[in-house]
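Work through these exercises with the model open beside you. Try each task before reading its solution.

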Amino acid sequence: MSHASLYPPGPPLPPNRRVRTRKSRPDIVEAPEERVTLEPAIADESRETTALAEAPVRWKEALRLTAGVLVTVAAALGCVWGLVRYTRTSPRFAVRFVHVEGSSHRSPEDVARFAGIGRGQNI
């Protein structure tokens, strides 16, 4: 039986992967020829004004960044604390039995007592 007889004739199959089509470059737009001229005194005043206006914005951004870092660190520490507490107190990790192999002189109870392991104690 040939390969061609397994599939009915029809349109060609689409490619196995999606291929992005290239986007055409945007048309180049020329800027209008306008010139803005400020008097030197007005330009210096506007620079001082913008510098004063930017100072509180920078302070707020620094405060927001610091608060974000502190919240992230606090959340991470809270998760670690919760996981440690869960693993130390959960009955899921409690010792149910002690199985000792290869000891002909000591019983499993003796080995557990010497190791300081008790039944129900969390590992």
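**Exercise 1. A charged pair**

In which helix do Asp-110 and Arg-113 lie, and how many residues apart are they?

Solution. First, the ground rules. This is a predicted model, where local features need pLDDT of at least 70, side-chain atom pairs count only at pLDDT 80 or more, and totals for chains, interfaces and linings use all residues. Residues are numbered from 1 along each chain as its sequence is written, and side-chain values use heavy atoms, with hydrogens and water left out.

Step 1. Find helix H2, residues 108–115. Helices are DSSP runs (H or I, at least four residues), as are strands (E, at least two), numbered from the N terminus. Both Asp-110 and Arg-113 lie in H2, 3 residues apart, about one turn of the helix.

Step 2. Look at the side chains. Those of Asp-110 and Arg-113 form a salt bridge, 3.2 Å from N to O. The term requires a side-chain nitrogen of Lys or Arg within 4 Å of a carboxyl oxygen of Asp or Glu. Side chains of opposite charge can pair when their charged atoms come close.

Step 3. Count. The structure has 1 salt bridge.

**Exercise 2. Contacts across the sequence**

Which residues does Val-111 contact, leaving aside neighbours within four places in sequence?

Solution. Step 1. Contact means heavy atoms within 4.5 Å. With those neighbours left aside, Val-111 is in contact with Val-100 and Arg-106.

Step 1. Compare sequence with space. Val-111 and His-99 are 12 residues apart in sequence, and their C-alpha atoms are 9.5 Å apart.

Step 2. Move to Arg-119, in the segment after H2. Not counting residues up to four places away in sequence, Arg-119 touches Val-95 and Arg-96. From Arg-119 to Phe-97 is 22 residues in sequence and 6.6 Å in space, C-alpha to C-alpha. Arg-119 is exposed, because its relative accessibility is 74%.

Step 3. Thr-89 and Asn-122 are 33 residues apart along the chain, with 6.6 Å between their C-alpha atoms. At 58% relative accessible area, Thr-89 is exposed.

**Exercise 3. Two rings**

What type of aromatic pair do Tyr-86 and Phe-93 form?

Solution. Step 1. Apply the rule: rings of Phe, Tyr and Trp (its six-membered ring) pair if their centres lie within 6.5 Å; planes under 30 degrees apart count as stacked, over 60 as edge-to-face and the rest as tilted.

Step 1. Count. There is 1 aromatic pair by this rule. Tyr-86 and Phe-93 form an edge-to-face pair, with 6.2 Å centre to centre and 85 degrees between the planes.

Step 2. Tyr-86 is partly exposed at 39% relative accessible area. Phe-93 also counts as partly exposed, at 30% relative accessibility.

Technical notes: Buried < 20%, exposed > 50% of the residue type's maximum accessible area, 1.4 Å probe, protein only.
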